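Let's work through some exercises on aromatic rings together. Take a look at the structure, then try each task before reading its solution.

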Amino acid sequence: MHKHNPEVDWFFEKPRKWQPAYKLLREILLDCGLSENLKWGKPTYGIEDNNFLLMHGFKNYCALLFFKGVLLNDPEGILVAQTENVQSARQIRFTKPQEINDLEDSLKAYVQNAIEIEQSGQQVEFKKTSEFAMPAEFQTKLDLNPELKTAFESLTPGRQRAYLLYFGAAKQSKTRTARVEKYTIQILKRKGLKD
């Protein structure tokens, strides 16, 4: 069992809703021989300074997030994609500490599987930007404006995906069209959605 990292202790000492669950998860993860670090303000765990999971909480649940969760075996059917567009990471969610106690052996098996994946060097194959849905309203705008099409194609794949997901997330055509219009200048300046 690895020791608690004193740099992370403050996270477990700060009063918060999920504190009992966090403490249980911490003991299980350290019992699996993982190293403990702090990244993005969250406890992260891994082997040989290579983090592959973190602990985090939300209003209705706390969770373990496996960065390459899509590669894990899931015999219990407990891995969840945080949103429909998440390609790699998967969570195991908890709403009370007793669920953690009940799943302790399974959690250790999932962690062991994650260790094996890390040690094997396996990587997640991400969808190419061209595989994401192109909203019809944006395609029409690109077809009518070659300068916009050139500017969009010059963006990094991540920026292109961000626009496609944002435009496509709107349920109504009117909203998709408004979003495309709003961000046309941003794209022409070759800037990302949040730049």
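**Exercise 1.** How many aromatic pairs does this predicted model hold, if ring centres must lie within 6.5 Å?

Solution. The count comes to eleven aromatic pairs. One of them joins Trp 40 and Phe 67, with 6.0 Å centre to centre and 80° between the planes. Planes over 60 degrees apart count as edge-to-face, so this pair is edge-to-face.

**Exercise 2.** Work out which parts of the chain Trp 40 and Phe 67 tie together.

Solution. Start with Trp 40, which lies in the loop between strand E1 (35–39) and strand E2 (42–47). Phe 67 lies in the loop between strand E4 (62–66) and strand E5 (90–94). The pair therefore ties together parts that are 27 residues apart in sequence.

**Exercise 3.** Classify the pair of Tyr 163 and Tyr 183, then decide: is each ring's residue buried or exposed?

Solution. The centres are 6.0 Å apart with 65° between the planes, which makes this pair edge-to-face. Tyr 163 belongs to helix H7 (residues 157–169) and Tyr 183 to helix H8 (residues 173–188), 20 residues apart, so the pair links distant parts of the chain. With a cut-off of under 20% for buried, Tyr 163 is buried at 0%, and Tyr 183 is buried at 15%.

Notes:
Residues are numbered from 1 along each chain as its sequence is written. This is a predicted model: local features need pLDDT of at least 70, side-chain atom pairs count only at pLDDT 80 or more; totals for chains, interfaces and linings use all residues. Side-chain values use heavy atoms; hydrogens and water are left out. Rings of Phe, Tyr and Trp (its six-membered ring) pair if their centres lie within 6.5 Å; planes under 30 degrees apart count as stacked, over 60 as edge-to-face and the rest as tilted. Helices (H or I, at least four residues) and strands (E, at least two) are DSSP runs, numbered from the N terminus. Buried means under 20% relative accessible area, exposed over 50%, partly exposed in between (1.4 Å probe, protein chains only).
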